[in-house]
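Student: I would like to learn how to read strands, turns and helices in a model. Can we go through one together?

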Amino acid sequence: MKRTLALLALGGCLVTAAQAETQLDPVSWLGRIVAAAQKLNYTGTFIYQSGNHSETSRITHIVDGSGEREKLEVLDGSPREIIRNNEEVKCYLPQDKVVIIERRSQRKTFPALLPSAVTTLAEHYNIKKGEVSRVAGLDSQLIILEPKDKIRYGHMLWADVTSGLLLKARMVDDKNEPIEQFAFTQVQIGGHIDKAALKPKFAAQAADWRVQNAYTTEANMDDGEWRFRTEIPGFKKSIGMKRRVQNEAPEMTHVVFSDGLAAISVFIEPLSGKQAAQQSGLFSVGGINVYKRVTDDHALTVLGEVPAATLKRLGDGIEYRKKQ
Amino acid sequence: MRENVSALMDGELDDAGAQRALEAIKRDPQLHRTWSSYHLIGDALRRHPGLAANYAERVLERLQAEPMMMAPGALRRQSRPGRLAMPIAASLAGVGMVAWLALSMNDQSAAPARAGAVASPPPVAAAAPVQPATPAVPASAVLPSSAIKEYLFAHQGYSPSSSIQGMAPYMRTVTEKRQATAQ
């Protein structure tokens with residue numbers, strides 16, 4: 001009763017929900033962005049840019065009685081497709097005639113929803129609000145996550161003022177130079193979205209393609225054969241598992257570290273003869289850096305949306321634990 | 001009666017009180033609007049993100065799909081006020097949602113525009129070339145094979161960026177940027 005009256009009293013100030021949302025603090029905005037990404041139905045075209053390279057894609061996200069389904073379709077170059085059906089993600093690569101299937105055991109939700117994790121996030125990033133500007137024809141609120149060290153990248157997020165949906169995201173280095181950017185150029189939020197848009201175009205053709213079905217089993221790595229000597233401030237182990245990336249490949253170890261915003265994956269696999277000549281060093285794919293190294297007859301692949309130096313630091317600290 | 005509506009929302013009424021309040025809301029359009037507004041305000045304050053446009057439709061669909069109790073005994077039990085209160089409250093919530101959606105559509109002049117495909121040139125910032133970051137450590141040349149795709153794909157599923165952006169970051173796993181860096 002009292003609560004409702006209090007709500008009413010406050011309600012007087014609320015002209016529209018949208019106006020109220022611009023008053024939100026930046027951390028609440030992050031929570032809103034996550035909720036919008038999971039709950040809203042939307043379809044649109046976005047541009048992915050990395051360096052001087054850019055690609056246009058169409059994305060459709062529908063939540064209904066059968067759960068969360070999503071499709072990403074690259075419109076430039078070879079027609080690659082990624083389809084998500086709840087926790088199952090399938091990637092169709094027509095050029096390589098390959099389907100990669102990955103099942104996520106449990107989707108880790110963004111820590112902004114958990115108060116303790118927000119504190120962790122705020123320990124390593126200054127989180128602040130920027131200006132309201134237009135993206136894809138919609139007013140958007142800029143949220144800036146500025147790293148407090150050079151271990152991680154900065155993030156700039158532009159979210160639709162009305163719905164909270166992320167319309168543009170940019171990852172920047174320590175000089176505030178863009179590393180990669182996603183930006184909607186056109187988007188429809190809500191309204192009727194044809195479910196046919198979720199269908200894989202290559203499902204029929206893919207029947208004779210090579211299928212790489214990743215099998216994973218969650219595993220506790222604390223007593224494993226591998227020791228991570230270097231701790232990266234703010235990055236905590238979020239999951240450890242045994243997996244096979246390719247059907248015929250031997251089992252490998254996959255450990256994920258995250259600071260709540262960025263993630264680093266470490267893959268450790270026994271070296272077979274043909275891989276022995278594999279290259280070591282640093283590489284990059286889009287906004288993701290990759291560090292490869294060989295140690296104790298194993299190949300280490302450390303990758304993530306963090307600066308290359310961070311990967312090298314973590315990777316060089318990994319050592320084989322000698323059996324007692 | 002307004003106070004009773006408020007108390008009903010807060011779950012402070014007993015079965016008989018709830019029954020009376022719900023009856024009154026059904027009869028009195030003014031009270032019905034009050035009920036809807038209270039929910040609208042509550043949603044706004046709780047910062048509920050925009051709901052799917054067909055939300056109310058789905059609530060009503062679910063209600064219709066609920067199994068109907070045909071046995072006379074069950075019918076008798078259902079007719080008790082307390083039993084009845086819930087389905088009515090649920091259908092009213094559905095109506096409230098319709099009202100809420102209608103209100104939010106009317107209140108925001110931007111709303112009709114967003115429903116249609118708003119085609120606009122990419123924002124200036126998006127059009128500006130994004131310079132590659134120079135790694136702090138010298139990077140060695142080219143990534144040898146396309147084998148890295150599986151690793152990227154496996155990684156992306158566990159990156160919090162998927163929670164913020166949905167599937168868009170999967171673009172990294174299939175980007176053809178790799179060829180571009182082969183310099």
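**Strands, turns and helices**

Tutor: Strand 5 of chain A is joined to strand 6 (residues 98–103) of chain A by six bridges, and the two run antiparallel. Keep in mind that this is a predicted model.

Student: Which residue stands opposite A:Cys91 in strand 6 of chain A?

Tutor: A:Ile100 does.

Student: What lies between strand 5 and strand 6 of chain A in their hairpin?

Tutor: Four residues, and A:Lys97 takes a positive phi near 50 degrees in this hairpin. A:Lys97 sits in the loop between the two strands, and its phi is a positive value in a residue other than glycine.

Student: Is A:Lys97 buried, exposed or partly exposed?

Tutor: The cut-offs come first: buried is under 20% relative accessible area, exposed is over 50%, and partly exposed is in between. A:Lys97 has a relative accessible area of 49%, so A:Lys97 is partly exposed.

Student: And how does A:Asp297 count by that reading?

Tutor: A:Asp297 has 62% relative accessibility and therefore counts as exposed. Its phi is near 60 degrees, again a positive value in a residue other than glycine. A:Asp297 is in the loop between strand 19 (288–295) and strand 20 (298–304) of chain A.

Student: Back to strand 5 of chain A. How many bridges join strand 4 of chain A to strand 5 of chain A?

Tutor: Five bridges join strand 4 (residues 81–85) to strand 5 (residues 88–93) in chain A, and these strands run antiparallel.

Student: How many bridges join strand 2 of chain A to strand 3 of chain A?

Tutor: Eight bridges link strand 2 (residues 53–64) with strand 3 (residues 67–74) of chain A, in antiparallel fashion. There, A:His61 has A:Glu70 of strand 3 of chain A as its bridge partner.

Student: In what order do the strands of the open sheet in chain A come?

Tutor: Read a sheet from one side to the other, strand by strand. Here twelve strands of chain A form an open sheet in the order 7-8-9-10-11-1-2-3-4-5-6-12, with mixed pairing. Strand 7 (125–135) and strand 12 (210–213) of chain A are the edge strands, since each pairs on one side only. On average, neighbouring strands of this sheet are turned by 15 degrees against each other, direction ignored.

Student: Which helix of chain B lies across strand 6 of chain A?

Tutor: Helix 9 (residues 148–156) of chain B does, and it also lies across strand 4, strand 5 and strand 12 of chain A. Helix 9 of chain B runs at about 30 degrees to strand 6 of chain A.

Student: At what angle do helix 1 and helix 2 of chain B pack?

Tutor: Helix 1 (residues 2–9) and helix 2 of chain B pack at about 120 degrees, with their axes 10 Å apart. That angle makes helix 1 of chain B oblique to helix 2 of chain B. Contact is made by B:Asn4, B:Val5 and B:Leu8 of helix 1 and by B:Ala18, B:Ala21, B:Leu22 and B:Ile25 of helix 2 of chain B. The crossing of these two helices of chain B is left-handed.

Student: Which residues of helix 2 of chain B are buried?

Tutor: B:Gly17, B:Ala18, B:Gln19, B:Ala21, B:Leu22, B:Ala24 and B:Ile25 are buried in helix 2 of chain B.

Key
Residues numbered from 1 in each chain as written. Chains lettered and ligands numbered in written order. Predicted model: local features only at pLDDT ≥ 70, side-chain atom pairs only at ≥ 80, totals over all residues. Heavy atoms only, no water. Buried < 20%, exposed > 50% of the residue type's maximum accessible area, 1.4 Å probe, protein only. Pairing = 2+ DSSP bridges. Axes fitted to C-alpha atoms, helices over the stretch in contact; angles between N-to-C directions. Parallel < 35°, antiparallel > 145°, perpendicular 65-115°, else oblique. Left-handed = near helix turned anticlockwise from the far one by under 90°. Contact = heavy atoms within 4.5 Å.
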